[in-house]
Amino acid sequence: MSEENKKEITQEEAAEEAKKYSSKVTEDDVADMVDKEEKMKGFFANVESLKKYWDDACDMFSLLKDRATGEYTETPWRTIAAIVGALVYVMSPLDLIPDFIPLAGYLDDAAVFAFVLSVAQDDLNRYREWRKKEQNTINID
């Protein structure tokens, strides 16, 4: 295996990429990402290094949809921007390690997503609790 195929990115590189992508996110990007949900879920379902994040990605899309519809607006913008930025990064074929490089192409995507997940975890957990309460309320009615 070539050296290029072994490359992994550091936590600092993942943080820098996440920051770079999230700094450009707008409200329109949130709506655009909601429209790309099926395509994005395909990445998480079919790319080995992303599969373990399937549940988190699904919850992030639910959060973005509820944000876009105004159902849930408690998540700070910095978290929303970080989530959208990470998802845009995953979709981008030309990033730190281009996606066409066998075996290594999605390692940077997973690292950036994992970094953003660690940063967004508390807000995502608060959203999950809210959603659980909302579903219970709907089921009672």
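**Exercise 1. Determine what share of the contacts with a separation of 6 or more joins residues 24 or more positions apart.**

*Solution.* The model under study is predicted. Step one is to consider the contacts in the chain with a separation of 6 or more; residues 24 or more positions apart account for 70% of these. Step two is to recall what counts as a contact: heavy atoms must lie within 4.5 Å.

**Exercise 2. List the helices and strands of the chain and give their order.**

*Solution.* The chain holds 7 helices and 0 strands. Read from the N terminus, the order of elements is therefore α-α-α-α-α-α-α.

**Exercise 3. Compare the radius of gyration of the chain with the value for a compact globule.**

*Solution.* Begin with the length, which is 141 residues. A compact globule of this length would have a radius of gyration near 14 Å. The chain has 16 Å, which agrees with that value. As a further description, the C-alpha trace spans about 60 × 25 × 25 Å along its principal axes.

**Exercise 4. Describe the surface and the charges of the chain.**

*Solution.* First, take burial: 47% of the 141 residues are buried. Next, take the area: the chain exposes about 8000 Å², and carbon and sulfur atoms supply 50% of it. Finally, take the charges: there are 18 positive and 30 negative side chains. The centres of these two sets lie 2 Å apart.

**Exercise 5. Decide whether T75 is buried or exposed, and locate its surroundings.**

*Solution.* Start with the position: T75 lies in the loop between α5 (54-69) and α6 (77-91). The relative accessibility of T75 is 4%. Buried means under 20%, so T75 counts as buried. Leaving aside residues up to four places away in sequence, T75 touches L63, R67, I80 and D123.

**Exercise 6. Examine the salt bridge of E27 and R67, and state which parts of the chain the pair ties together.**

*Solution.* The general principle comes first: side chains of opposite charge can pair when their charged atoms come close. In this case the N to O distance between the side chains of E27 and R67 is 2.9 Å. E27 lies in helix α3 (residues 27-35) and R67 in helix α5, so the pair ties together parts that are 40 residues apart in sequence. The partners can then be classified by accessibility. E27, at 44%, is partly exposed, whereas R67, at 17%, is buried. R67 is also one of the residues that T75 touches.

**Exercise 7. Classify K51 and E48 by accessibility, and state how many salt bridges the chain has.**

*Solution.* K51 forms a salt bridge with E48, and the closest N and O atoms are 3.3 Å apart. K51, with a relative accessible area of 37%, is partly exposed. E48, at 62% relative accessibility, counts as exposed. The count of salt bridges comes to 10. Salt bridges also link D56, D59, R128 and R131 in a network.

Conventions
Residues are numbered from 1 along each chain as its sequence is written. This is a predicted model: local features need pLDDT of at least 70, side-chain atom pairs count only at pLDDT 80 or more; totals for chains, interfaces and linings use all residues. Side-chain values use heavy atoms; hydrogens and water are left out. Helices (H or I, at least four residues) and strands (E, at least two) are DSSP runs, numbered from the N terminus. The radius of gyration is taken over C-alpha atoms; the globule rule is 2.2 Å times the number of residues to the power 0.38. Buried means under 20% relative accessible area, exposed over 50%, partly exposed in between (1.4 Å probe, protein chains only). Accessible areas come from the Shrake-Rupley method with a 1.4 Å probe; for residues, only the protein chains shown count as cover. Lys and Arg count as positive and Asp and Glu as negative; His and the chain ends are not counted. The place of a charge is taken as NZ of Lys, CZ of Arg, CG of Asp or CD of Glu. A salt bridge is a side-chain nitrogen of Lys or Arg within 4 Å of a carboxyl oxygen of Asp or Glu.
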